[in-house]
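Me: Here is a structure I would like to go through with you. Let us take the contacts one by one.

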Amino acid sequence: MPKNSKAPPAAPSAAAKSAARNTDSGPGRVSPAGGDLPAQKAAQTEALAASMPSNPTKAAEHGFANGVKPQQGASSQPASRLPTASTLSEANESVKVGTTAPEGHNATIAPLDRVRVDSSGRVLTTNQGVPVADNQNSLKYGTRGPALLEDFILREKITHFDHERIPERIVHARGSGAHGYFECTDPLTDITRATPFREKGKRTPVFVRFSTVQGGAASKDTARDVRGFAVKFYTDEGNWDLVGNNIPVFFIQDAMKFPDLVHAVKPEPHHHMPEAASAHDTFWDFVSLMPESTHMLMWVMSDRAIPRSFATMQGFGVHTFRMVNERGESVFVKFHWSPVAGTHSLVWDEAVKISGADPDYHRRDLWERIESGAYPEYELSLQVFTEEQAEQFSFDILDATKIVPEELVPLRKVGRMVLDRNPDNFFAETEQVAFCAAHIIPGIDFSNDPLLAGRIHSYVDTQISRLGGPNFHEIPINAPVAEVHNNQRDGMHRQAIPRGRVSYEPNSLAGGCPFQAGAQGFVSVPARIRAEEEQGKVRAKPEKFADHYTQARLFFESQTPVEQDHIAAAFRFELSKVTVPAIRERMVASLRNASEELAMKVAEGLGMELPEPMERALPDPAKPEVDRSPALSLMARPGNGSIRGRKIALLVAAGVEAGSLLKVQEALVSEGAVARLVGPRIGRFTAADGSVLDADASLENEPGFLFDALVLPDGDQGVAALGGDGHTMEFIKDQYRHCKAILALGASQMLLARAGLPVALDKAQSQGNTGVFFADAAEAATAAVAFIGAVGRHRHFGRETDPPML
Amino acid sequence: MISMHAMDACELLDADHVAVKHLFVDYARLAMAAPEGSGAERRELADRICRELTVHAQIEEELFYPALQRARREAGGLLEDAKREHQQAKDLVAQIESYGDPDPGMDALVARLAQLIEHHVKEERTGLFPMARTSGLDLSALADDLRARQEQLMPAAV
């Protein structure tokens, strides 16, 4: 902008100087008064204000056409830094105030280094930085005398301690986080201007938080539950939070029911039980009266609700979103994260046992994978479809209880996400991170999904009480890497120090800054609402939302028989925990509408008669496009077969044959697995050849079900010692029951027989693919190769029977 | 490698169950993970499943069920159920055997057969076997008969 060159006639210098030194009134004309700074500031401020005689974009605030093509706000350049400063005295520096604010920059977006703390070589201080001379004793009047009120050091320490906790999240309280990056592999510029998808190879930093939903912050990881899969993209156009789950559908269709759902699934309010479980009356009472939950129930009763690792589960954006390109054209999209390691889950018996021995199972797994360089990696793909296509679908794409089958709209690969850095501090990062469904960026927009609408409100709202005020965006983990400039001000825990006196727009005193970005900023898609009938304000759902069972059936029918058995067993377990038979019967009555076969199995497992099918809200739903979708089976994504990050137990005791065991260990470790020596106790054991094996885990402290596979050693004396330990038998039994790979070297065959491996395995064993291997110690190296292959296949469900034979 | 003692009749029959379950699992795994590239392998597995089940049903119907019926009259109802399930299985086996190259339609048939057998096996394990084990039947002699008949039938079925 041109500077105002028409200088006012010079006033007497002393008067101008004097006038410029007041903050409460001013002269008729402003004069720069030579080199006097206050006068100069006053003159430049006057010029800056005068450069904007009116608000030039006012007219463009009106009319639909202007609304969809907003103009950039007006701004003008001050003659110097003077007019936009808060104070002339900013020129005075110190180690505390630093220098002056660099122009056009918000320093709170600097990398986390700005707040990292390392105390190496430092003395202990108070929070005020005062060195603490004695951190052992409170201040007392005499060694046996009373403590003194003036002990500010003790009081600060205790007071801070007293306030260490913040409220846990109402849902998704239990979570584990990691840093990483998203890398675009296939740019999406044809459908979106979103910055992470602009160029091949472009990397965007991310922070991901995985979570369970029901349990509290300290509850077990392996509960049967949905897993949160929330990704914060720190893009150069602001933070984008893709707050998804490991399941692509949800229990309800409208946010109006969200508090009801959560109240029903949470521990019951009178006695606060059960923690981290949905197997109780109020949950099943609610969902059996909400048949739209049936599809989600199928997923939650499937093994997807008990993943082996966060690195072996899918993630989904759940809702339909929009993508918008540079020309303002929009399409609908669904987001899919697919793990490179494949989709692998636990089995229920295993999940229950793990929750006792290692409630931090998933958190530990994520931490250890990253720590050891076996970085979790996921592919991001999209389903892309137009509004016209969506209108033809047999289901409504605004309904969060429906998927778009991949057979109908195939996945389009976009990029990959790698999680390669653990947080430095759980509280500062994983606990204080605030994901909000409302956080989107230019190029991405919402659909009218009524559940999404509620989420757009709810996440921001809940952070305000959880994180203590409206400035949670300034908590380092939440701060964007993009410049943040607006006129939101003050509030509790404010960290930014805005320079200048302007906190409103339009303004001329700050040269109009920060000004609205216009079309370069976020512009909502001017979506028109298409409907056959005229619409008005209404509380009702579209008709297709009433089809509650078609996709529940699709999911069940798309599973392999073993997966179907697990779903039936999960329903059986959960409903068996319900104390009111009428609720159980109502649920089975509802299931009959999804799958007779499933309902029959569940009824049989509960020892009850099959009830009449529940009346359906939509007796005659539209014929679905597909009736089978293999992509819905966990078996469809075996992954790359790698055993990286897998934990394998090699049992040791005094007198085992070391050579063959170490050979197998070496082979496993070279494939990236963690192969631990596990003994009757930890520590050193003398092997048969006199060498020493040092066990880093014991049968007692790391029970068998915590491992992905088991190797039993050769060596008569060692095997005899293991055989005399009841833990060994439990170890083997669980490994067998959970269908994991077992390699028995030489003499340890006897341990399998002793543990009670069913003789009926014999025929299958000669047939192959049982995942149970017997090998002489001399063949350890070859046996290891076959064993590694079997570990890569994850589970050997041919062994599974219901009830278990072992 | 595992049999530390000779199997009795129930264990022998159960060995068939466990073995064929492995084949079903292998089949499903291939059908899901490699639907395009595993046609020949799936056809072979399906044929093997059908062969195994045919012989298995036959030796049960010829030897095990009658022996149990003689020893425990109250087994009648369960045995009727079992035979009805055998018939359903045979129908599916016939459809699978005459099916051409594996495709999702055949995968669905094999899955249905797997579910049917899973149910049937569970009934045998939890209903018939405990009855047989407490019936006074010489299950080890019966095992010999079953094995002999199985060996007789198996090559013919191949």
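Reply: A salt bridge here is a side-chain nitrogen of Lys or Arg within 4 Å of a carboxyl oxygen of Asp or Glu. The model is predicted: local features need pLDDT of at least 70, side-chain atom pairs count only at pLDDT 80 or more, and totals for chains, interfaces and linings use all residues. Residues are numbered from 1 along each chain as its sequence is written, chains are lettered from A and ligands numbered from 1 in the order in which they are written, and side-chain values use heavy atoms, with hydrogens and water left out.

Me: How many salt bridges are there between chain A and chain B?

Reply: Over all chains, the structure holds 59 salt bridges. Lys763(A) forms one with Glu52(B), with the closest N and O atoms 2.7 Å apart. Between chain A and chain B the count is 4.

Me: Which three residues supply 19% of the area that chain A buries against chain B?

Reply: Contact means heavy atoms within 4.5 Å. It takes 42 residues from chain A and 36 residues from chain B. The buried area (accessible area, 1.4 Å probe, lost on putting two parts together, summed over both) is about 3300 Å², with 59% from carbon and sulfur atoms. The 19% share, more than any other three residues supply, comes from Val759(A), Lys763(A) and Gln767(A).

Me: Is helix 7 of chain A roughly parallel or roughly perpendicular to helix 14 of chain A?

Reply: Helices (H or I, at least four residues) and strands (E, at least two) are DSSP runs, numbered from the N terminus. Axes are lines fitted to C-alpha atoms, for helices over the stretch in contact, and angles run from 0 to 180 degrees between N-to-C directions. Helix 7 (residues 294–301) and helix 14 (residues 561–576) of chain A pack at about 100°, their axes 8 Å apart. Angles under 35 degrees count as roughly parallel, over 145 as roughly antiparallel, 65 to 115 as roughly perpendicular and the rest as oblique, so helix 7 of chain A is roughly perpendicular to helix 14 of chain A.
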